[in-house]
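Here are a few friendly notes to read alongside the model. Keep the view open and follow the points in order.

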Amino acid sequence: MRRQVLLLFILCLGSVIGQVTYSIPEEMGKGSLIGNIARDLGLDVKRLKAGKARIYTGDSAQYIELNRERGVLLIKEKIDRELLCKQTTPCALHFQITLENPLELFPITVEITDINDNAPLFQKEERKLEISESAVVGSKFMLEKAFDADIGPNGLQRYTLKPSDSFVLKLHSQSDGSKKVEMILQKPLDREKQEHVSLVLTAEDGGEPQLTGTMQIHVTVLDVNDNAPVFSKAVYKASITENSALGTLISKVSATDADKGANGKVMYVIGNTVSNLFHINTEGDVILNGPVDYEKEKNYHIDIEAIDQGGLSDSSKIIIDVIDVNDNSPVVNMISSSSSVPEDAPVRTVIALMSVSDPDSDANGQVNCGIGENIPFAIKITSNNFYSLVTDSDLDRERSSEYNVTVTCSDEGVPSLSSSVTLTLHISDVNDNAPVFDRPSYEAYIVENNTPGLSVFTVKASDADWNQNARLSYILEDSSVNGVPVSSYVSVSAESGVIHAVRSFDYEQLKEFHFRVRAQDGGSPPLSSNVSVRMVIQDQNDNAPQVLYPVQTGGSVLAEMVPRSADVGYLVTKVVAVDVDCGQNAWLSYKVHKATDRALFEVGLHNGEIRTVRQVTDKDAVKQRLTVVVEDNGQPSRSATVIVNVAVADSFPQVLSEFTDFSMHDKEYNDKLTFYLVLALAVVSFLFITCLLLIISVKVYRWRQSRVLCHSNLPVIPYYPPRYSDTLGTGTLPHVYNYEVCRTTDSRKSDCKLDRAASQNVLIMDPSSTRTMQKIHNEKNILDDPDSPLEFPF
């Protein structure tokens, strides 16, 4: 058995790389080797395994199988060339071998060669002829042709007729390559000598060994009919469209016989194997008797015989061309496809390979394929009848995560027929979107003195990606606040983004601070974004007012002197107090809690000024004592008290005599306030130093001047009255210390000025002193200098 292998590489488009052609004889046994496809394609066997190599034959029966382990093609089912291709030559199997990762397509052709496995065969085993004895020498009698399914040398080659004393054979070549067989009368018949003649027609092929087929011919000699029918044409031509209805008239033939009567009556007979598709009546009408299909047979050659009653006949031929009708839709077969593609796949990435066929002819079989608009894909032809679906633009899963791509293939027939196949394609996610916060920045508020661990607020971010690429974690970025890591102030929940206060805040120490939170997704590599957070500490009324003036001392009694000639509204002194809180928590109000004579003095509700409410009389006691309560406007409110001693007198001796007991009486009370006064002075000193530093800083950085004011619309600016003096030399406000206080939002950055000045008409009585009034007058004439402070020791 001869096996011929032909390797042919053809440069094709797309993924079709080469074509291999093999030639094998039919009827090879199952498992027979066809060829080493791996070697012939120049591939490694490992590539066949890794690429999941497989054979794609479309809708055809699969006769060939691929052994990926050996890289060879084997016979899967025994191949009968006659069953597969009939008389078509050459006869070949066309299929493709596909590989994946990457997708590759290799066309393979296996040509099936004929062997002499079929003998010539007559449709009928015997033929009966009636021939008139008057038949002249040379009369023709058409015999049925034999059919041999083999082709070429193995097909039908010649006929023999035995015995050959009365008849001889004559063969005529026809346009379709076959031979018309006629039996020629070579000597007159004599019914009286031989009424029946038996002949054997043998058909022989040219194979080795030679095969034959026979048919018995029985000739009955009739009397007298000496004229045979004659057709008007040797060849008739007709055409019919496929799928024509049964009973359609195809053509009309006619034959005449010179005889008269019964001997001149002609009968028409279709003489070959298509009699089941066509019918001819006694009138010579050729009628369609069965379905015709252009895709199965494009034309028919029909042998027609006209026979008269005497058995004489003539033959003719009808050639029927079948006209194609667009009755077949294109057939789309998906060879290989991907169910998903990453969104960052480059343009022209191959998604699927498919084959398209249409069995119609000409324009009816010309197919064009396309897909819908507004999708990022395109259909490209890679080779004859093969198409690939590729990406046509950038993909974005966030815009569309799935596509239903419908490939529609239409032929060019009228009307056009089409077929479609839908491919569902999932777009797999790539981490190409960073988290996005729902705000460009955050501002949160927390009341001071909070509980550590308190949940303050929540930052929220979103990620347009999917699954792990959209799983967010929140991270507090490293920074510092006043030299302290921000992580000691706040913390952030990695999963929820909830911000917690790590410590308790004090508004007087820290009013606000900034930090940044980063949102990071779980992609690889991860993407992140950050946002700025401003944390504002809100004030609580947690500080009581502090009295700056009058200063409460334990050693000496500080008294304000009011002349008995003072009018109504006379300014005695001013209580100066501050509150380190802010806003309404620092709004101060003043009221008299206790007084020696409530009808004599009153205090301004908001300015702390103590004034007389009536005319001072001689009956009023020299010693007047007022307890003033300073209260803020917080909820709940806090307060402080201060004792103001007032001396109602026109002369210092009178005051000294009265205040000696007054001082001793108040010593115990003043001792209790010593601690608070010392504390207040320490605070004031601290504020003074802070203010000096702030003033220097302001001069260097002008823009910081705006920080002088408090956040509140009602700034707390304690008012200190100016120095007062009258023509009589009696003062109204003692000026031992002058305090100028500017409160800001930061209580520890207050500007304070303490000026020591000469006081007017201020009596300071120290009981522990041993000096006398006379001694004082000897050292310095106090009455001559009304602006000098007076201290009276006892």
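1. In which sense do strand β27 and β30 pair, and over how many bridges? Strand β27 (residues 350–357) and β30 pair in the antiparallel sense, over five bridges. Two strands count as paired if DSSP finds at least two bridges between them. In this pairing, F386 of β30 is the bridge partner of S355. Strands are DSSP runs of E with at least two residues, numbered from the N terminus.

2. A word on where this comes from: the model is predicted, so local features need pLDDT of at least 70 and side-chain atom pairs count only at pLDDT 80 or more, while totals for chains, interfaces and linings use all residues. Residues are numbered from 1 along each chain as its sequence is written, and side-chain values use heavy atoms, with hydrogens and water left out.

3. Now look at the other pairing of β30. Strand β29 (residues 377–383) also runs antiparallel to β30, and this pair has six bridges. Here I381 stands opposite Y387 of β30. The two strands form a hairpin with two residues between them. In that turn, N385 has a positive phi of about 70°.

4. Is β30 mostly covered or mostly open? Strand β30 (residues 386–391) is mostly covered, with six of its six residues buried. Buried means under 20% relative accessible area, exposed means over 50%, and partly exposed lies in between (1.4 Å probe, protein chains only). In a regular strand the side chains alternate between the two faces of the sheet. In β30, F386, S388 and V390 point one way, while Y387, L389 and T391 point the other way.

5. Next, the disulfides. A disulfide is a covalent bond between the sulfur atoms of two cysteines; here a pair counts when the sulfur atoms are within 2.5 Å. By this rule there are two disulfides. One joins C85 and C91, with sulfur atoms 1.8 Å apart. The torsion about its S-S bond is about 65°, so this disulfide is right-handed. C85 is buried at a relative accessible area of 13%, and C91 is buried at 2%.

6. The other disulfide joins C369 and C409, whose sulfur atoms are 2.0 Å apart. C369 lies in strand β28 (residues 367–371) and C409 in strand β31 (residues 402–411), so the pair ties together parts that are 40 residues apart in sequence. With a torsion of about 105° about the S-S bond, the disulfide of C369 and C409 is right-handed. C369 is buried, with a relative accessible area of 16%, and C409 counts as buried at 0%.

Key:
Helices (H or I, at least four residues) and strands (E, at least two) are DSSP runs, numbered from the N terminus.
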